[in-house]
There are 2 protein chains.
Amino acid sequence: MTATTGIPKRADARRNIAAILDAATACLAVDPDASINDIAIAAGVGRVTLYGHFPNRAALVARVVDRAIQNSDAELEAVDINGDAHEALGRLLEASWHVTHRYGALVLAAQSALPDRDFRDAHDKPAQRVLKLLRRGRREGTIRTDMPLDWQVTTIQGLLHAASGAVQRGELSAERAPALVRTTVLAALTSGHSDAPGSGSSP
Amino acid sequence: MTATTGIPKRADARRNIAAILDAATACLAVDPDASINDIAIAAGVGRVTLYGHFPNRAALVARVVDRAIQNSDAELEAVDINGDAHEALGRLLEASWHVTHRYGALVLAAQSALPDRDFRDAHDKPAQRVLKLLRRGRREGTIRTDMPLDWQVTTIQGLLHAASGAVQRGELSAERAPALVRTTVLAALTSGHSDAPGSGSSP
DNA sequence: GATAACTCGTACAGGTCTGTTCAAGTTCTA
DNA sequence: TAGAACTTGAACAGACCTGTACGAGTTATC
């Protein structure tokens, strides 16, 4: 996706682009309606410079989201999905928490700035990972099957967002959040008896 | 709260005010950033007429939210809180679902248009009811006590919003939602064994 | 049916945001 | 060090929103 043009950008240009992308990520994660002006200022460049690198708001948001997805994907890819589905889901949840918390409301910015299709594709990808794991858990009997699979995904996303919001509002410490999300989601989706008292660190 | 002025409004004025309030509720529930223009059109009145009844956006939103809170409160007040806490919470959840679904994103409109204090007060009130019930459930041993009370409230709100969103996006039918919310929340917050298979209609 | 209350369209002022242009500077690169 | 690439502030046009003003037309109410 990186420009097919043979001429490489100048060093300062590349530096600025990176700064803009970083600033945009930070701004949009907090306020999905952050203006181009705010972002330019946060990046330490002029508004015109920003427009020199990104044709419009949508393009910028798209790039930011793209990068966020890529990073998130790498982070989630590193999670060990094998072994007991219950345990694996727990690990995936904690990793997902970090991603959700870091990128916060960015998803909302994407939703209003990107064409529906693009947004859909981007947001669905991480869901696939969860979906796969849930299917396995259902097959193995650790995940309850008396509710739609989609709803279980919705449940997970909902709780992740809720936790992220609570932390941002200062109602919950960022340290406690991942364990709580893990415990709560597992309790909600587990079929039989549920234990998982502490945030177990058993090797 | 209704104007202390002795002179009652004319009939058509009252009718229009009602129409504006209804339209505003509907518009804001879908898009918290709906413009005054959109609302006026939806209400079937001129923009100027709207400004004749409400001095500004904030005042209109405040009235809409006020009414929504009042209605919600009545609806939730009608729920039987007595008896088994587990069962009672189930009933309260289904009622809460209807409220959440009806007023959707209105809470967001309130958040950005109202002074923080007013908003806080309004949104905290319904939470009190849940809080009270959760406390009792914890005391009685039906609700798990190994996670903060606040988090449990957050969990409930998060799942309600998630369900509302899923229905609006067409991923979930409005009929199935209440039972799913109920089952899922109870599974998440119940301490011991959890049953609640079907959406029981046992008298 | 007369009068006050109400509505309506148009139009305006002030604000914010987006995206573009331009002319002048700065900095990388070769 | 020369030239191309890049940055920059100021300034503009266009869009949209809020809130206000006005004059003419409707409609409830007594």
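**Briefing: chain contacts and DNA surroundings**

In this predicted model, 21 residues of chain A are in contact with 21 residues of chain B. On the side of chain A that touches chain B, helix 8 (149-168) and helix 9 (177-189) of chain A each supply at least two residues.

**Interface between the protein chains**

- Helix 8 of chain A gives the most to the side of chain A that touches chain B, namely 10 residues.
- That side of chain A comprises 10 nonpolar, eight polar and three charged residues.

**Surroundings of DNA strand C**

- DNA strand C is surrounded by 21 residues, of which A11(A), N56(A), N16(B), G46(B) and T49(B) are the closest.
- The surface near DNA strand C consists of eight nonpolar, seven polar and six charged residues.

**Surroundings of DNA strand D**

- Around DNA strand D there are 21 residues, and N16(A), G46(A), T49(A), A11(B) and N56(B) come nearest.
- At least two residues of the surface near DNA strand D come from each of the following: helix 1 (11-30) and helix 3 (47-53) of chain A, and helix 1 (11-30), helix 2 (36-43) and helix 3 (47-53) of chain B.
- Sorted by class, the residues of the surface near DNA strand D are eight nonpolar, seven polar and six charged.

How values were computed:
Residues numbered from 1 in each chain as written. Chains lettered and ligands numbered in written order. Predicted model: local features only at pLDDT ≥ 70, side-chain atom pairs only at ≥ 80, totals over all residues. Near = placed C-beta within 6 Å. Helix = DSSP H or I, 4+ residues; strand = E, 2+ residues; numbered from the N terminus. Nonpolar A, V, L, I, M, F, W, Y, C, P; charged D, E, K, R; others polar. Contact = placed C-beta atoms within 7 Å.
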